[in-house]
Number of protein chains: 4
Amino acid sequence: MTDQQHLSRVTVPELDRVLGHRWPVLDDGFIRVIDYMGSDESVVQAARISYGTGTKAVHEDVGLIRYLMRHHHTTPFEMCEIKLHVRVPMDTWRQWIRHRTANVNEYSTRYSVAIDAASKTETNGWRRQSFKGKQGSEGFLSEEMGQQLTEREAALQLFAREVYDERLAMGVAREQARKDLPLSTYTEAYWKIDLHNLLLFLRLRMDDHAQQEIRAYASVIGNEIVSRWCPAAWQAFNDYGLNSLSLTAIEIEIARSLVSGERGVALSIAMRHGWLLVRDGRLRPNRERAEAEIKLARLGLNPPWQEHP
Amino acid sequence: MTDQQHLSRVTVPELDRVLGHRWPVLDDGFIRVIDYMGSDESVVQAARISYGTGTKAVHEDVGLIRYLMRHHHTTPFEMCEIKLHVRVPMDTWRQWIRHRTANVNEYSTRYSVAIDAASKTETNGWRRQSFKGKQGSEGFLSEEMGQQLTEREAALQLFAREVYDERLAMGVAREQARKDLPLSTYTEAYWKIDLHNLLLFLRLRMDDHAQQEIRAYASVIGNEIVSRWCPAAWQAFNDYGLNSLSLTAIEIEIARSLVSGERGVALSIAMRHGWLLVRDGRLRPNRERAEAEIKLARLGLNPPWQEHP
Amino acid sequence: MTDQQHLSRVTVPELDRVLGHRWPVLDDGFIRVIDYMGSDESVVQAARISYGTGTKAVHEDVGLIRYLMRHHHTTPFEMCEIKLHVRVPMDTWRQWIRHRTANVNEYSTRYSVAIDAASKTETNGWRRQSFKGKQGSEGFLSEEMGQQLTEREAALQLFAREVYDERLAMGVAREQARKDLPLSTYTEAYWKIDLHNLLLFLRLRMDDHAQQEIRAYASVIGNEIVSRWCPAAWQAFNDYGLNSLSLTAIEIEIARSLVSGERGVALSIAMRHGWLLVRDGRLRPNRERAEAEIKLARLGLNPPWQEHP
Amino acid sequence: MTDQQHLSRVTVPELDRVLGHRWPVLDDGFIRVIDYMGSDESVVQAARISYGTGTKAVHEDVGLIRYLMRHHHTTPFEMCEIKLHVRVPMDTWRQWIRHRTANVNEYSTRYSVAIDAASKTETNGWRRQSFKGKQGSEGFLSEEMGQQLTEREAALQLFAREVYDERLAMGVAREQARKDLPLSTYTEAYWKIDLHNLLLFLRLRMDDHAQQEIRAYASVIGNEIVSRWCPAAWQAFNDYGLNSLSLTAIEIEIARSLVSGERGVALSIAMRHGWLLVRDGRLRPNRERAEAEIKLARLGLNPPWQEHP
């Protein structure tokens, strides 16, 4: 009888195969999947209850998932849930935890002795401050400087651990002893989140502008885990999320003028928005113009203010 | 090697056995479990990572779960997730949806034709307005009145459906045709929530003050589903949540005086808080005093302002 | 002394001037602003604490707000909060309330008698079901049909109210008497939300695909209220949010080929993604292709599968 | 005309007077109020729209606020919002940020150079590890030990800052240079939250079990800020929240037996729940029993398993 039909849980053999597997990240971190609920199929199932007969027009599941992703119908993706066990430097965790729509149980250095591991930097891993963008890094310092920096790092981490251990030995409360641990100290957590919010996390944290450390974690989650768990959603996210391009109202106007060959019009639009101020005979830096250049280039369009492409 | 150890998903055979089963609620509603993640064991697992060695003192899992519940350590309970398929009158759903910490996919009457079912009231099911409390109902109207009310209900629901069907037949958009559907019309939804937030829902909605209809749903979720899914958490919730008693600072003072036999002191505390104002030689109604009476009675204490218990 | 400097609250005279004003919406609804916190200035202030010296590079406030909006730095926009008093048909409210990140106090038909007003449709206001899209409406039914529909609507609403009043008169509890009220019945609520989440709401609900009724409310909130409250954020939202264009990875490829004049390449990309299946000598409908056509048109590009632009 | 009546913003002169004032916390932290929305009056206003005529029975505002607090009608308290500027050691901030229902803009050590201040411990401020409870501290270490610990703390903080400054001087990216900063380093943030969620925060963080550092912040927020902002809600929170007492179902049973003089019954209840296991002729430690003892004592009840009260 259909009313009393029995269900079995949705399973994803591809993911079951790697349940508990530790993907190493950084020098001493990891990510592993503890449990999950749902799959691509669950996204489809939820959409079909929501959109009812309306969804019959979309004959196949992959097409429906792609449609949902393209149109920001996000609630069906919330029907999948995953639970990860992660080991992360506290510094990275500080960024991670800012994503509020997740459930978290973190290792407590109040109840327990802090994990005796801090993330270390290899001599060729010291990144140079970028002065172009507002943040971030670009390129690496010399191996020579790296050696000096890595030695000092080791000395500091050693000293910090000594002081921590001394405090415990002298009877200081753990909650207070930990106060000077370096941010590089590893912590562990169970982190549980639904697929929609996980994709929001990945979109921000797999981005070029994300800090390298958290990007390393996000890449494993995306490329190793979500790709196995919900392959259709993952592909749709790549096509419509990660690799999409958002044009502002101003950029649309400029692109349109360029497409129809009206470079003068495009130029005047840019001027009107203050993109082309000149100082000492040269264009002054303008962030919005710089962003537009990159986007136009992706469309094969050559900005009229750049003479030689 | 323990680092690369393989995991299997946590399963709960008791719940697996009833997956997909429809528990009927009201005249045409139901609840069924679609999927779940975690179990009592997952609560323990999460607590142990959080509290680390600290939890070793608690030797057995049930004791740990009870400790967590008693002390409002709620995050480990967030590590379990359940997905229900429910069929509910829209009127009840309006209350249900106010619980914001859940994922929802509701049947859309914009995309699809509205479900052709409205909740009906039996002739002996018409509740009388309560005038004591600020809301709610108490007792039932006579069978005779009930017959009249049930007839009119049927007539109204029939008329409403006729008008809806007419609109569709004349080509009115579904999104507009639905505008006069009665609140009693059934809707369906997938509703996904973590165990901690589900217990908050149950605490409010299994309560005496909750409206009978939503209480019927909440009782099935609690007694039939959570009790199978996470029996230790469910028992702890009964002992420390559902059946607990919260005394205010004022009630503690009064109880303490009564316990030590100082009825005069108890009386003066009640007076000081304006509980014993008199009009026409009788105590004026006072909500806080009335609440205190019920609580003191649960402790076997007899308020000093009530001469004969 | 700067450490103990005194602050005054941020005020927005433009908004203060209309505080409490009722903007009418639909036949008997309204929106009014009850209170607010913050302004454009508060967005800037929050960004400057977050990005510290980094933001000094952005010399003026408007430029910073525009930068934040363009780059989805959303947290500074969460620093502004607004509280509205709205009167809305329950049918519309059902959509509204799905936005979970808001604080709500709704008029209770459990504690109080339901508002005696239901939204009515004018004879020329009956919308035709659209069969192209998956939802929505297009165009209107004839005035003649409209008259018939409006009459029936009035009869149904009258009957529903009679039944409701009868129930109350017979002593039925309000919580039960309301069960067959039509969804068109007005409700009222206080709705409080931060600017970031309000803009998410507006992006969805001012969109062409949103139902006309909620769009009417969203337009008032955007055009009348947010525009006065935070004019710089509002302008940025228009340029980078409302009127922006998101191209998928596939659309970028096609646009790029068209820009460089390689129509054949563009065609083969579309084919590879199954956009150009033919039945009976004609292109079969394909949603993704149809969406691409609209976007390419905004850029002035002519799809290679359309012979005559 | 009432429909178009003009409103003025709710203001709280008591709070306006201290807007921007820095309350110092710890050795170098502070809290100040930047802005707020609403007051006690707004709680009442929201409750009255929600509960409509039902609230007319409660004649005065303070009584209504107390009623709402006692009955966990939390939504009206969400109608008030406050924005604080805080300066906190990162170690404390890690606990703080776990409260997810708030809006946050934190000072970024990625965009800017880290604040050059770390929280220091006075020689008489080193707390001893507690071995009774599962966490926390009790009492202080000797002044002599304190001197040694404080010296080492200073040396470590100095070294850490040297290494940080060296890295910046050598051109290391700020995002990487910060990786070994001690957790004691101060950070700053704007933190915005509604009154209901702020009270939840205070209930946890003003509690005896909260760590001393965050308790210092919570106390200022409660005693200095909320008390001025919403005095009636604050008083109700003290009476019904902070100083209330929650009895479990088991404790109720035992208390009831004790009240009626049936010590033997009380004893057998305790036994049945495994509270009275004996080892080597003495009662084994039992957490739940220990908790019950404290609660019974607050009611003036003497547990039957303790011979001499």
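The model is a predicted one, in which local features need pLDDT of at least 70, side-chain atom pairs count only at pLDDT 80 or more, and totals for chains, interfaces and linings use all residues. Residues are numbered from 1 along each chain as its sequence is written, while chains are lettered from A and ligands numbered from 1 in the order in which they are written.

**Chain A as a whole**

- Chain A holds 12 helices and 10 strands, where helices (H or I, at least four residues) and strands (E, at least two) are DSSP runs numbered from the N terminus.
- The radius of gyration of chain A, taken over C-alpha atoms, is 25 Å, well over the 19 Å that the globule rule (2.2 Å times the number of residues to the power 0.38) gives for 309 residues, so chain A is more spread out than a compact globule.
- Along its principal axes, the C-alpha trace of chain A spans about 80 × 75 × 30 Å.
- Chain A is divided into domain 1 (2–115 + 186–242), domain 2 (127–180) and domain 3 (249–298), with bounds that come from an automatic or database domain assignment.
- Between domain 1 and domain 3 of chain A, the C-alpha centres lie 38 Å apart.

**The sheet of chain B**

- Five strands of chain B form an open sheet in the order S1-S2-S3-S7-S4, with antiparallel pairing; two strands pair if DSSP finds at least two bridges between them.
- Strand S1 (23–25) and S4 of chain B stand at the edges with a single partner strand each, so one side of each is left without a neighbour in the sheet.
- From one strand to the next, the twist averages 25°, with axes being lines fitted to C-alpha atoms (for helices over the stretch in contact) and angles running from 0 to 180 degrees between N-to-C directions.
- S1(B) and S2(B) run antiparallel and are joined by three bridges, and B:Trp23 stands opposite B:Ile31 in S2(B).
- Helix H7 (residues 195–205) of chain B lies across S3 and S7 of chain B, at about 125° to S7(B), whereas helix H2 (residues 40–51) of chain A lies across S4 and S7 of chain B, at about 50° to S4(B).

**Contact between chains A and B**

- In this contact, 42 residues of chain B meet 42 residues of chain A, two residues being in contact if their C-beta atoms, placed from the backbone, lie within 7 Å.
- The elements of chain B that give two or more residues to this side include strand S2 (29–37), helix H2 (40–51) and strand S3 (81–89).
- Chain B can be laid on chain A with an RMSD of 0.1 Å by a turn of 180° and a shift of 0.0 Å along the axis, the superposition being by least squares on the C-alpha atoms of residues with pLDDT of at least 70 in both copies.
- The two copies are thus related as by a two-fold rotation axis, and B:Met37 is the residue of chain B that comes closest to the rotation axis, at 2.9 Å (C-alpha).

**Contact between chains A and D**

- This contact takes 42 residues from chain A and 42 residues from chain D, and H5(A) gives the most to the side of chain A that touches chain D, with 11 residues.
- Because 100% of the interface residues of chain A are also interface residues in chain D, the copies meet through the same surface.
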